[in-house]
Each structure stands twice: as C-alpha cells, then as structure tokens.
Amino acid sequence: MKHTLSYHKNHPNPQVYRSSYELLNGEWEFAFDFFDEGMIEKWYQSFPKKGTIIVPYPYQIEASGINNKKHCDVIWYHKTIKLEKVIPHLLLHFLGVDYECNLFINGKYVANHKGAYDSFNVDISPYVEVGGNNITLRIVDKQNADQIRGKQTWKKYPFECFYEETSGIWKDVYLESLNEFYIKNFKFYPSFKENLVKLDVLLNNFSANKSLKLNVKILFEGKEISNSDFSLKDTSSSLTLNLSHEDIRPWSTYSPFLYDVVLTISVDNKISDVVTTYFGFNEINIKNRHVYLNDIDTYFKLVLDQGYFSKTYYTGSEDEFINDLTLIKECGFNGLRKHQKIESPLFYYYCDVLGLLLWQEMPSPHAYSYEMITNAKRELINQIDDHFNSPSIVAYVIFNESWGVNEIAKDKEEASEVTSLYKLVKNHIKGSRLVISNDGWEHTTSDIISFHNYEETYDKIYNLYKESINLINKKDYTKVKANETKLMFATEFEVNQDAPLMLTEFGGIAYDKDKNKGWGYGNSVLNEEEYLKKLSSLMDAIYDLKEIRGYCLTQLTDVEQEVNGLFNFNRKPKADINKIKELNTKFH
C-alpha cells in the first residue's frame with residue numbers, strides 16, 4: 001500500500017496534515033447528569049469527581065471503560081491541558097460528538113455545536129493561558145426520533161434494524177497550534193477533460209496591509225509536476241492550476257492514482273501555514289443511464305457497509321478500516337454504500353488509497369419536523385465538506401427509504417423539502433458528484449433511480465423490474481414500482497432521463513443456524529451451497545436486466561440482531577469469498 005505524503009501514523013486526518021498537532025484521546029473525567037443539574041451546580045467551573053472515560057469511545061461500549069447501556073440525556077466531559085506558551089490560534093478539533101455539545105474553556109462558555117456526524121473546531125486561544133487549562137463539555141443526546149441519528153435506536157432497546165445508541169465523544173479529539181494567518185478550508189475540483197484543477201481556498205483572516213501569498217506544489221509519485229504562486233486579495237480565493245496532459249492520471253478502482261499537494265501561506269515573505277494534502281481526478285457524470293468516471297463507463301458493484309466493529313463498536317480503528325475495505329475488494333466489489341453513518345477521515349483515506357467507489361449517506365432522522373429539516377440542511381452540508389476532497393466519494397445519499405420523510409408519497413411539503421435538499425447539495429458541490437434524493441423508493445429529483453427489493457427468486461426480481469423499466473421507457477411514471485409495496489416516485493417528482501437504474505439493496509440472506517441470534521430477509525438457508533445458489537439466482541436476474549447499471553448487496557457483516565452479512569460480526573466469512581468474487585466479476 002502506497003501512502004500519500006500527508007499520511008502520518010496516529011494523525012487523525014490525512015486530508016489536512018500539519019505538524020503542529022497534539023492528540024487528546026485517552027482518559028478524560030466523565031459524569032452522568034441524570035437530573036440535568038450540572039449547569040445549576042456549575043460543573044463547567046468545578047467538575048465533580050465521578051469517574052473517567054476513555055476517549056473516543058462512547059460510554060455505552062466496553063472500550064470506554066464504562067460499558068453502561070442505560071440512557072442518559074446529559075453527560076459531561078473534562079480534561080486539563082498544559083500550555084507552555086501563548087499561541088496566536090489554538091484550534092480544538094472534535095471529529096465527532098453525539099449529539100449537541102456546549103464547550104467551556106476555563107469555566108467560560110465558548111461554543112455550541114449540534115450534529116453527531118460532522119466535525120467542528122473552535123479557536124480557544126482567547127480563553128487559555130500559560131499553564132493548566134480546563135476543557136469541559138456538556139453533551140445532550142436525547143432519544144428524539146426527529147434527531148439526525150442513523151441506525152441508533154430511539155426506543156429503550158434495539159429493535160428491527162436499529163441498534164444500540166452511542167452518546168458523547170466518539171471520534172478523535174486534537175489540538176493544532178497555528179500562526180496569525182492560516183488556511184481555514186480548501187476544496188479541489190479536478191477536471192480530467194480540461195487538464196486542470198480548480199482550487200477554492202479560504203483563509204481565517206486577511207489584511208490589506210500585508211503581502212499574503214499562497215504557494216501550491218503538486219507532486220505525483222514523488223515528482224514535482226506543478227509549482228504555482230498566487231497573491232491573495234481576500235479571505236476567499238478561487239484559483240486554477242493547469243497541468244500538462246502527460247501528467248494526468250485518472251483515479252479509478254484499478255489504479256487509484258493520488259496527487260500530493262503542499263499548500264504554503266506566506267505573510268510578508270515569512271511562512272505562516274503549511275498544509276499537506278492530496279486529491280485525485282474523479283470527474284463523474286451520467287449519460288444515457290450510464291455512469292462515467294473520467295469518461296470510463298462504470299458499473300457499480302457495491303456492498304452495504306454499516307461500520308460496526310467487534311472491538312470498537314461504532315468507533316472504528318485504522319486497522320479495522322483497512323481490514324473491512326480489503327475484504328470488500330477481495331469479494332470482487334468495486335465499492336460500498338456507507339450506510340447511515342459518517343466515518344472518521346482515515347476511513348475515507350483508505351477508500352481513496354485502495355480504490356473503492358463510495359456512496360456517502362446522510363444518517364437519517366426518523367420523524368418529520370421543522371427542526372429536523374433545519375438540522376438536516378446544516379448537518380448534511382457539514383458532512384459533505386468534511387470529506388469533500390476524497391476522490392473515492394462518487395455519490396451522496398440524502399434520505400434512505402423515506403426515513404424521516406415517511407409521508408413523502410402523498411405529502412407535497414415533504415417531497416418539496418427533499419427536492420430542496422437535493423438542489424442545495426447539487427449547488428454546494430458544483431455538480432461534482434451524483435446526488436440521490438431518497439434511496440430505495442419514492443424519489444423526487446435524483447441523479448440515480450435506485451430501488452430496494454428483498455424478493456428471493458430470479459422471477460420475482462426480473463419480472464417486476466422488466467415491467468418497471470418498460471413503464472419508465474414509456475414515461476408512464478406514476479405506476480412504476482420500486483418493489484411490491486412501494487412506488488418508484490413520490491407525489492412530486494422530476495425524472496432525469498439520463499438517470500441510471502440501480503438495485504441498491506437486495507439479498508440480506510441469513511443461515512438457519514443463526515435464527516436464534518437474529519434475523520435476515522426472507523427464508524433462511526441451511527448451508528453454503530444453498531446460500532450461493534440463492535444469491536447467484538438474484539444476481540443473474542440483475543445481470544439479465546441490462547438496463548440496470550449497478551447494485552448494492554446487503555450486507556458486509558452481521559450487526560447485532562441482523563445476521564444477514566457476508567461475514568459474521570468477527571469478520572469470519574459465511575461462504576467462500578472467491579465464489580462471491582466470481583458472482584461479481586461478470587458485471588461490467
């Protein structure tokens with residue numbers, strides 16, 4: 001495996017590497033606040049001695065050192081850090097805190113953040129001093145169905161396909177020491193066809209009295225291929241980097257070429273900030289119901305990946321990410337749908353490095369409300385920005401199976417809000433990826449017409465979609481079925497004639513011997529031979545429907561009460577993975 005220059009062991013985010021960082025994972029003080037009395041008693045000024053927790057693991061799991069499944073709406077964290085000198089800007093990064101967080105530094109309220117799946121950072125330099133400094137978090141995580149929660153249960157216990165909840169800090173925490181001027185954000189827009197890269201850069205500050213310059217150095221396989229200097233005239237700049245045609249190597253699942261980039265900010269000829277990062281050429285578009293990645297017709301062979309792990313549960317480790325992604329490739333899939341979860345940056349990094357097509361899916365709410373829509377608009381954009389520069393991301397899923405917009409089939413307001421979110425995302429990403437409005441059924445506006453179906457025979461799959469495809473070809477959309485119980489389109493919809501058709505959930509087969517552990521879809525099978533025969537018949541139906549240009553098999557591993565994975569929860573295969581690979585190989 002070939003790493004980028006921005007990869008450094010133990011650094012949590014290879015997309016934005018600076019050498020001046022300090023990881024704050026490990027032991028923190030921790031307290032349950034069952035009676036919500038911490039604010040009244042001013043725990044942010046004098047933290048109670050109640051216990052400790054291992055960050056970044058939620059209190060509900062064993063790795064945290066607590067392993068308490070009892071729900072608590074309010075929890076608190078505290079840690080003391082020591083500083084040896086005053087720093088112009090000290091950024092405190094939280095890659096994931098579930099759900100709403102109030103941050104206090106040395107007893108003073110500093111910031112609020114709402115959202116479990118997007119990162120945030122706070123400049124705490126105005127609030128700290130040389131010596132010991134107190135970081136205190138008050139975190140609220142209620143069991144509200146309209147909260148953006150993904151697969152976490154909102155009931156007392158796990159049920160159906162919803163699992164144990166996770167609360168509090170569940171991703172890495174770290175500090176960055178920065179100078180007066182630094183790069184706050186940047187986005188790459190590579191164009192394979194035009195031999196260039198557009199770069200948007202945002203600075204934290206600007207001064208007309210100083211000379212601010214940005215140097216952009218691009219390297220490929222250790223060789224410098226571009227070195228450009230730009231004078232910056234504002235906090236925000238849009239730049240164009242021209243490359244020679246000979247230096248363009250498109251990113252693909254076969255050849256996941258990545259370009260190293262060093263971004264250097266100079267102020268009055270003195271270096272102020274250096275960021276090491278990377279990008280890949282991943283220009284994607286649709287035409288005549290096919291997907292083209294860098295002008296190559298691409299068939300999606302995906303597996304559903306929920307991101308739960310036997311040792312770390314919801315907080316995957318680097319080795320666990322590598323192992324799962326390697327298994328996906330060994331099974332012959334060329335990508336995955338990250339289901340109802342946003343992972344840590346290292347996960348996206350390894351998708352980029354290993355070459356896997358990735359659908360990033362917004363974790364769902366499970367009830368409709370004004371607050372849900374407001375939160376969804378903010379959190380979705382933040383989630384996208386966190387991993388925007390990863391070339392493996394080819395699609396964004398906004399809603400899944402109408403979760404949170406349950407009445408979309410007949411409610412014009414819900415349909416309109418989903419369309420609004422589709423347009424919001426499409427405009428925000430400047431059309432650089434595909435966007436699916438409501439994966440599974442009841443689409444409004446969507447770049448891919450996707451459908452879910454857990455029927456168990458060739459005939460059931462083939463016959464239903466043969467009829468649905470005929471109706472779509474005739475533009476008779478109102479009766480098109482996504483499956484036996486759901487229609488393909490919502491009450492308000494607009495069909496993109498170029499949108500490819502994909503079966504993005506099917507299979508989910510369980511073994512009869514596992515029935516006491518949980519459930520799978522449909523009838524269970526007795527042995528590996530029956531398993532492969534059943535799966536093969538379903539995939540034959542997809543193969544014979546030539547208009548279908550992709551699929552997503554449920555699912556990579558068992559998770560809690562769902563025992564319908566290709567692997568069990570400990571990653572032991574349930575069938576010969578070489579035979580699974582054979583089933584995937586014929587699709588192209």
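Mentor: On a 1 Å grid over the protein atoms alone, a pocket is an open set of points with protein on both sides within 12 Å along at least five of seven lines; a cavity is a set where a 1.4 Å probe fits but cannot get out, and a lining residue has an atom within 4 Å of a point. The model is a predicted one, in which local features need pLDDT of at least 70 and side-chain atom pairs count only at pLDDT 80 or more, whereas totals for chains, interfaces and linings use all residues. Residues are numbered from 1 along each chain as its sequence is written, and side-chain values use heavy atoms, with hydrogens and water left out.

Let us start with the largest pocket. It holds about 770 Å³ of space, a volume being the space filled by probe spheres set on grid points that are joined across faces, edges and corners. Its lining consists of 30 residues, and those nearest the centre are S119, N121, K184, N185 and D386. Several elements take part, and each of the following supplies at least two lining residues: the strands β5 (89-94), β9 (120-123), β12 (173-178) and β13 (183-191), together with the helix α3 (370-386). Such elements are DSSP runs numbered from the N terminus, helices being H or I of at least four residues and strands E of at least two. Strand β13 provides the largest share of this lining, with five residues. Sorted by class, the lining of the largest pocket comprises eleven nonpolar, ten polar and nine charged residues. In this scheme Ala, Val, Leu, Ile, Met, Phe, Trp, Tyr, Cys and Pro are nonpolar, Asp, Glu, Lys and Arg are charged, and the others, Gly among them, are polar.

The second largest pocket has a volume of about 470 Å³. Of the 20 residues that line it, T253, Y254, T298, Y299 and N334 are nearest its centre. Nine of the lining residues are nonpolar, seven are polar and four are charged. The strand that gives the most to this lining is β22, with three residues.

Strand β22 leads us to a sheet. Here three strands, in the order β20-β21-β22, make up an open sheet with antiparallel pairing, where two strands pair if DSSP finds at least two bridges between them. At the edges are β20 (284-287) and β22 (296-298), each of which pairs on one side only. Strand β21, residues 290-293, is joined to β22 by three bridges in the antiparallel sense. Within this sheet, V291 stands opposite T298 of β22.

The structure contains four cavities of 30 Å³ or more, and the largest cavity has about 50 Å³ of space. Around the largest cavity lie L83, K85, V86, I87, L90, S125, V128, E129 and V130. This lining divides into six nonpolar residues, one polar residue and two charged residues.

We may now turn to V140, which belongs to strand β10 (residues 131-140). V140 is classed as buried because its relative accessibility is 15%, where buried means under 20% relative accessible area, exposed over 50% and partly exposed in between, with a 1.4 Å probe and protein chains only. Apart from neighbours within four places in sequence, V140 is in contact with D73, V74, Y99 and E100, contact meaning heavy atoms within 4.5 Å. N106, by comparison, is 34 residues from V140 in sequence and 20 Å from it in space, C-alpha to C-alpha.

The peptide bond joining D98 and Y99 is cis, with omega about 10°. Y99 is placed in the loop between β6 (97-98) and β7 (100-105). Another cis peptide bond runs from V55 to P56, with omega near 15°; P56 is in the loop between β3 (52-55) and β4 (74-83).

E221, in the loop between β15 (212-220) and β16 (223-231), has phi near 50°, a positive value in a residue other than glycine. E401 likewise has a positive phi near 50°, and its place is in the loop between β26 (393-400) and α4 (412-428). E221 counts as exposed because its relative accessibility is 53%, whereas E401, with a relative accessible area of 14%, is buried.
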